[in-house]
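Please look over the sequence and the structure shown below, and then read the short report that follows, which goes from the chain as a whole to its parts.

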Amino acid sequence: MTTAPQTLDCAGIAQRIPHSGSMCLLDRLERWDAESIHCSTRTHAQPDNPLRTAGGLLAPNAIEYAAQAMALHGGLLAAEGSAPSAGFLASARNVRFSTARLDDVAGALQVEARRLSGDTNQILYEFAVKAEGGLVLAEGRAVVVLNTPLATGAIAS
């Protein structure tokens, strides 16, 4: 029996989340367990980051970094050989930012998420995006909704 890897590079991450190419924002899975995940990335400093605007890469984009870590966590928890549950970010609450922009943060961003509760329909995570030295740049809570017609694209028109 094989188990999910403890670390992954960007290519391995892209195979386990619905984002690919430049929209796969995470560079490396550092570690994970059943309750939490820790990833790192330097994509925030790339001039062609797909989330960058004329004003730079604004701090609220940290939520997308955290959401990708949550999606990866779900993919790693999925049974061997099965597809992870389809899901979407339903809400982000109590989000606090200590910076206006991410693109001027030196070094790698540390992206962490911890599962607080959940079932087959929704999961509550708390997340933090930190600078390399540990300064919290963004933190909050997020609800991921799973296996609904909206998440699976099965809504009829």
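## Contacts and burial

In this predicted model, residues 24 or more positions apart account for 61% of those contacts in the protein chain that have a separation of 6 or more. The protein chain has 157 residues, of which 37% count as buried, and its accessible surface comes to about 8200 Å², with 52% of that area belonging to carbon and sulfur atoms.

## Order of the elements

The protein chain contains three helices and seven strands, and, read from the N terminus, these elements follow the order β-α-β-β-α-β-β-β-β-α.

## The sheet and a helix across it

Strands of a sheet pair through backbone hydrogen bonds, and they can do so in a parallel or an antiparallel way. Here the seven strands form an open sheet in the order E1-E2-E3-E5-E6-E7-E4, with antiparallel pairing. At the edges are strand E1 (8-9) and strand E4 (87-97), each of which pairs on one side only.

Within this sheet, strand E6 (residues 122-130) and strand E7 (residues 136-146) run antiparallel and are joined by nine bridges; leucine 124, for example, has valine 143 in E7 as its bridge partner. Helix H2 (residues 62-77) lies across E1, strand E2 (28-32), E3, E4, strand E5 (109-118), E6 and E7, and runs at about 130° to E3.

## Confidence of the prediction

The average pLDDT of the protein chain is 89, and 89% of the residues score at least 70. Confidence is highest in strand E3 (residues 36-41), at a mean of 98, whereas it is lowest in helix H3 (residues 149-152), at a mean of 50.

Note on methods: Residues numbered from 1 in each chain as written. Predicted model: local features only at pLDDT ≥ 70, side-chain atom pairs only at ≥ 80, totals over all residues. Heavy atoms only, no water. Helix = DSSP H or I, 4+ residues; strand = E, 2+ residues; numbered from the N terminus. Buried < 20%, exposed > 50% of the residue type's maximum accessible area, 1.4 Å probe, protein only. Contact = heavy atoms within 4.5 Å. Areas by Shrake-Rupley, 256 points an atom, 1.4 Å probe, with all protein chains shown as cover. pLDDT = per-residue confidence, 0-100. Pairing = 2+ DSSP bridges. Axes fitted to C-alpha atoms, helices over the stretch in contact; angles between N-to-C directions.
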